[in-house]
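Dear colleague,

Please find the structure below, handed over for your study. A short account of the findings follows it.

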Amino acid sequence: MKLAKLSLAAITVVGLTTSAFAADTLAGAFKEGKISGALKGYAMHTTHDNGPTSGGNVAGGVLKFKTADLNGFSAGFEFQTSHTLGLDQTDAPDGSISIKTSVLSEAYLAYTMGQTTAKVGRQHIETPLVSDSGSRLIRDYFTGAVVANTSLQNTTLVGAYVTDWTDRDGTSTHFDTRPYTVYAATSFAGLGLTAQYLSNDNQDQYWVEAKYSIKTAMPINLGAQYIGVNDTYNSSLYGFKIGTSISGLGLMAAYTSTDNAGDVPGGIGKGNDSSYNSIQKLTGAVAGVDSYQGKVSYNFKNGLSAFTRYVQYSDYSGPGLDAAEWDVDATYKFGGSFKGLKAQVRYAMVTKDVANSDFNDFRFIVNYNF
């Protein structure tokens, strides 16, 4: 059942959906709990001009357990593990992928009353300005409290308070000045509006996006965003995008512009750079950069989907020093007796108007979700 595209996504990603199963006793809450997880493999290799090959090869997975609901209460746990298995063949292991660790990344208590859920403890959060990332085998996580409410029609309201953020390599950041954020998403008559405010160590950060869909034979999807921060530089960026899709073919173009005052920080966590032209390697949030993207995607309807995109960044490394990134991405979802198995290939070619700065980034990812 859909609330609205934006609000349903928000309530799902922060993990605050109401439990569909309930128990009468504490023992029953554990016996009737749900186990899920994934087995994962990840290879990443980056080849630099006149430099060493960096990257790594890892295998691991994630195991999750969520209790059944007991008088509105539930608990959740997640265990992640990553191991190189002696497979690293690169000249310089990339610390973002070549991680040997096992971690309890979720351990929370949740309480639901009506259409409001509160969640306290270690947990994943995915909002524009407070967000963990699944771009590597290990996902970073937060410690704090999140409250979400969906009592208003087609609307999600979220408030969060963060005490710690733990990076995928196990490095933990404790916030003496506790960051807090409020998030709201609503939709009506084809228009979706999302806004977020984050207070982080005397910085005020803002994120606003509007989306509008025009329903025609070839539907047109429009988007506009603004990201800003009040700090030493008071920097900001804005962006626009337009897209359409027909018979599995998708076309999209995007433009972003960042002012000259300074880079625009994304917020807290590895997944917080949410400008339209922040892609596999490069970002549109660099001071003084204008960026232009063209993207073509296709869904082959047999489990295979793919896209290619090209982004041009002006003045990326300084005045007159442009950069560009070309991405190719293909994903295949298996069916039948292999349902749950997914393989993905990602390739990025980055060029810069700086000597010996070009590089190619290749990734192969395989997951089996159960």
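Which residues form one aromatic cluster? The cluster consists of Y238, F240, Y255 and Y292. Please bear in mind that this is a predicted model.

As regards the overall fold, the protein has 20 strands and two helices. Its radius of gyration is 21 Å, which agrees with the value near 21 Å that a compact globule of 370 residues would have. Along the principal axes, the C-alpha atoms fill a box of roughly 65 × 50 × 50 Å. Of the 370 residues, 44% are buried.

Turning to the aromatic residues, the structure holds 13 aromatic pairs. One of them joins F30 and F65: the ring centres are 6.1 Å apart and the planes stand at 15°, so this pair is stacked. F30 belongs to helix α2 (residues 26-31) and F65 to strand β2 (residues 53-66), so the pair links distant parts of the chain, 35 residues apart. F30 is partly exposed, at 44% relative accessibility, and F65 is also partly exposed, at 21%.

A tilted pair is formed by F73 and Y111, with 4.5 Å from centre to centre and 45° between the planes. Because F73 lies in strand β3 (residues 73-83) and Y111 in strand β5 (residues 101-113), this pair ties together parts that are 38 residues apart in sequence.

Yours sincerely

Methods
Residues numbered from 1 in each chain as written. Predicted model: local features only at pLDDT ≥ 70, side-chain atom pairs only at ≥ 80, totals over all residues. Heavy atoms only, no water. Helix = DSSP H or I, 4+ residues; strand = E, 2+ residues; numbered from the N terminus. Rg over C-alpha atoms; globule rule 2.2 N^0.38 Å. Buried < 20%, exposed > 50% of the residue type's maximum accessible area, 1.4 Å probe, protein only. Phe/Tyr/Trp six-rings, centres within 6.5 Å; stacked < 30°, edge-to-face > 60°.
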